[in-house]
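Thank you for making time this morning. I would like to talk through one chain and keep to what can be computed from its atoms.

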Amino acid sequence: MADKQLNLNNIDEESSANNVTSFFTRTGKSQLSKFDKLVMYSGSSTDDLKSSIWSDMPKGGNSFNSAEDKAIKRIDRSTELEVMVEAIQHIDKTFKKIFVSYYVSNNFHGMMWTDICQILGYERTQANLMMWRAKVSFAYSYGYHEELSIKTFLVPNVPNIMRTNPVQFPYTLRTN
């Protein structure tokens, strides 16, 4: 098994966007996304993030449990969340609005995509393209972080890659 450095000219942007979708999509009975769980586990809430993402101001401090292990895990998750918030802040503002409204603020919970497009004032194809560009921008902005549990959302465009479930990293190359 060989580690290969990502070549930014050889990224499977469709798969990368799908990884972002999988991470931010609310599923199951709890209707929590992996992002929602990370926010809660870091001791924050999406309400805390909304103002920081929109205003580009840094996020405030967290309250930590006195147990050392829990504190370390919370710090790690808080760091990961800060990296994600920073990546969201780097999305072009044209695309960030639709991304934050849909995934972070959850303004459109339970609504049909066509209705959401109409509320935002976009045609469906235009909104699809804007959301796709926001997800790809997020994936590139998040980059690669060796020290975080989610190393990257980017997927190399390699024919012999064995993909696991979305947002379970790192991918491993098949050795035949």
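I will go from the overall fold to the core, then to a helix pair, a charged pair and a loop residue.

This is a predicted model, in which local features need pLDDT of at least 70 and side-chain atom pairs count only at pLDDT 80 or more, while totals for chains, interfaces and linings use all residues. Residues are numbered from 1 along each chain as its sequence is written, and side-chain values use heavy atoms, with hydrogens and water left out.

The chain has seven helices and two strands, where helices (H or I, at least four residues) and strands (E, at least two) are DSSP runs numbered from the N terminus. In sequence order the pattern reads α-α-α-α-α-α-α-β-β. Of the 176 residues in the chain, 40% are buried, and by buried I mean under 20% relative accessible area, with exposed being over 50% and partly exposed in between, for a 1.4 Å probe and protein chains only. The chain exposes about 10,400 Å², of which carbon and sulfur atoms supply 49%; these areas come from the Shrake-Rupley method with a 1.4 Å probe, and for residues only the protein chains shown count as cover. Taking contacts (heavy atoms within 4.5 Å) with a separation of 6 or more, residues 24 or more positions apart account for 58% of them.

Now the core. In soluble globular proteins, nonpolar side chains tend to be buried together. A nonpolar core here is a set of buried Ala, Val, Leu, Ile, Met, Phe, Trp, Tyr and Cys residues joined through side-chain atoms within 4.5 Å. The largest one has 36 residues, and F24, M84, F99, F138, Y142 and F153 touch the most other members. The elements giving two or more residues to this core are α1, α2, α4 (68-89), α5 (93-104), α6 (113-120) and α7 (124-142), with α7 giving the most, seven residues. Setting aside residues up to four places away in sequence, F138 touches V20, F24, M84, A87, I88, I91, F99 and F153.

R26 sits in the loop between α1 (13-24) and α2 (34-41), and D36 in helix α2, ten residues apart. R26 is buried at 16% relative accessible area, and D36 is buried at 7%. A search of the whole structure finds one salt bridge. Beyond four places in sequence, D36 touches R26, Q31 and T46.

Finally, L148 lies in the loop between α7 and β1 (161-162) and is buried, with a relative accessible area of 5%. Leaving aside neighbours within four places, L148 is in contact with T79, E80, V83 and Y142. L148 and L81 are 67 residues apart in sequence, and their C-alpha atoms are 9.9 Å apart in space.

Methods: A salt bridge is a side-chain nitrogen of Lys or Arg within 4 Å of a carboxyl oxygen of Asp or Glu.
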